[in-house]
Amino acid sequence: MRIVITYLLLAILAASCASPSHERVLSDSKAQRLLIGNWTEVSRPILKENITTLRTDGTFVSNGTLAANGRAITVKFEGRWYVQNGVLISEVTESSAPFIILVGRISHDTIITLAKTEYCYRDDEGKEEKWLRLQPDLD
């Protein structure tokens, strides 16, 4: 009986620590400032050589290459983004491949961790993803 109660208490504690309210450490404005820049997805990149740029004006552009039917398709899409309640919300407004990246698609990515060089989030499907910041060229 004592073991069952211990497991129940641990399960409750684990569930409460995993809730978004406990994960959120940064204010939305601080998160938005940290997200500005060039990023590449490393956890499960759908696009190869993907670079996403989040701009200060609340717009973004993403470029990459998608392998489909044995050939490479260059994909570029653009849109708007902002952070609200610890969630990065982005909407696609233009797409060079609307059959792959739909115009009007809105993503809600819950920020898990965010630092100067790394960004981890949970996407709409509950999958955890990781981006790394690309350093600007130093000419």
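Visitor: Which residue in S7 stands opposite Thr 110?
Guide: Arg 122 does. Strands here are DSSP runs of E with at least two residues, and helices are runs of H or I with at least four, both numbered from the N terminus.

Visitor: What kind of model is this?
Guide: A predicted one: local features need pLDDT of at least 70, side-chain atom pairs count only at pLDDT 80 or more, and totals for chains, interfaces and linings use all residues. Residues are numbered from 1 along each chain as its sequence is written, and side-chain values use heavy atoms, with hydrogens and water left out.

Visitor: Back to S6 and S7. In what sense do they pair, and over how many bridges?
Guide: Antiparallel, over 4 bridges. Two strands count as paired if DSSP finds at least two bridges between them. A hairpin of 3 residues joins S6 to S7.

Visitor: How many bridges link S7 and S8?
Guide: 5, again with antiparallel pairing. S8 covers residues 128-133. Tyr 119 has Trp 131 of S8 as its bridge partner.

Visitor: What holds paired strands together, in general?
Guide: Backbone hydrogen bonds, with the strands either parallel or antiparallel.

Visitor: Which residue takes a positive phi in the hairpin of S7 and S8?
Guide: Gly 126, near 85°. That hairpin has 5 residues between the strands.

Visitor: Zoom out. What do the strands form?
Guide: A closed barrel of 8 strands, in the order S1-S2-S3-S4-S5-S6-S7-S8, with antiparallel pairing. The twist averages 35° from one strand to the next. Axes are lines fitted to C-alpha atoms, for helices over the stretch in contact, and angles run from 0 to 180 degrees between N-to-C directions.

Visitor: Which helix packs on the sheet?
Guide: H3, residues 28-35. H3 touches S1, S2, S4, S5, S6, S7 and S8. Its direction makes about 150° with that of S4. A contact means heavy atoms within 4.5 Å.

Visitor: Now the core. Which residues have the most contacts inside the largest one?
Guide: Leu 35, Leu 114 and Tyr 119, in a nonpolar core of 21 residues. Such a core is a set of buried Ala, Val, Leu, Ile, Met, Phe, Trp, Tyr and Cys residues joined through side-chain atoms within 4.5 Å. H3, S3, S4, S5, S6 and S7 each supply at least two residues. S4 gives the most, with 5.

Visitor: What does Tyr 119 touch?
Guide: Leaving aside neighbours within four places in sequence, its contacts include Leu 35, Trp 39, Leu 88 and Leu 114. Trp 131 is also among them.

Visitor: And Cys 120: buried or exposed?
Guide: Buried, because its relative accessible area is 16%. Buried means under 20%, exposed over 50%, and partly exposed in between, with a 1.4 Å probe and protein chains only. Cys 120 sits in S7, residues 118-122. Not counting residues up to four places away in sequence, Cys 120 touches Thr 110, Ile 111, Ile 112, Thr 113, Glu 129 and Lys 130.

Visitor: New topic. What does the side chain of Asp 28 reach?
Guide: The backbone nitrogen of Gly 86, at 2.9 Å. Asp 28 is in H3. Beyond neighbours within four places in sequence, Asp 28 is in contact with Val 83, Gln 84, Asn 85 and Gly 86.

Visitor: Where is Asn 85?
Guide: In the loop between S4 (71-84) and S5 (87-95). Asn 85 is exposed, because its relative accessible area is 57%. Phi of Asn 85 is near 55°, a positive value in a residue other than glycine.

Visitor: What about Glu 91: which strand is it in?
Guide: S5. Glu 91 is partly exposed, with a relative accessible area of 25%. Glu 91 touches residues including Phe 60, Glu 78 and Arg 105, not counting residues up to four places away in sequence.

Visitor: How much of the chain is buried?
Guide: Buried residues make up 34% of the 139 residues.

Definitions and conventions. Polar contact = N/O pair within 3.5 Å; in protein donor to acceptor, adjacent residues only side chain to side chain.
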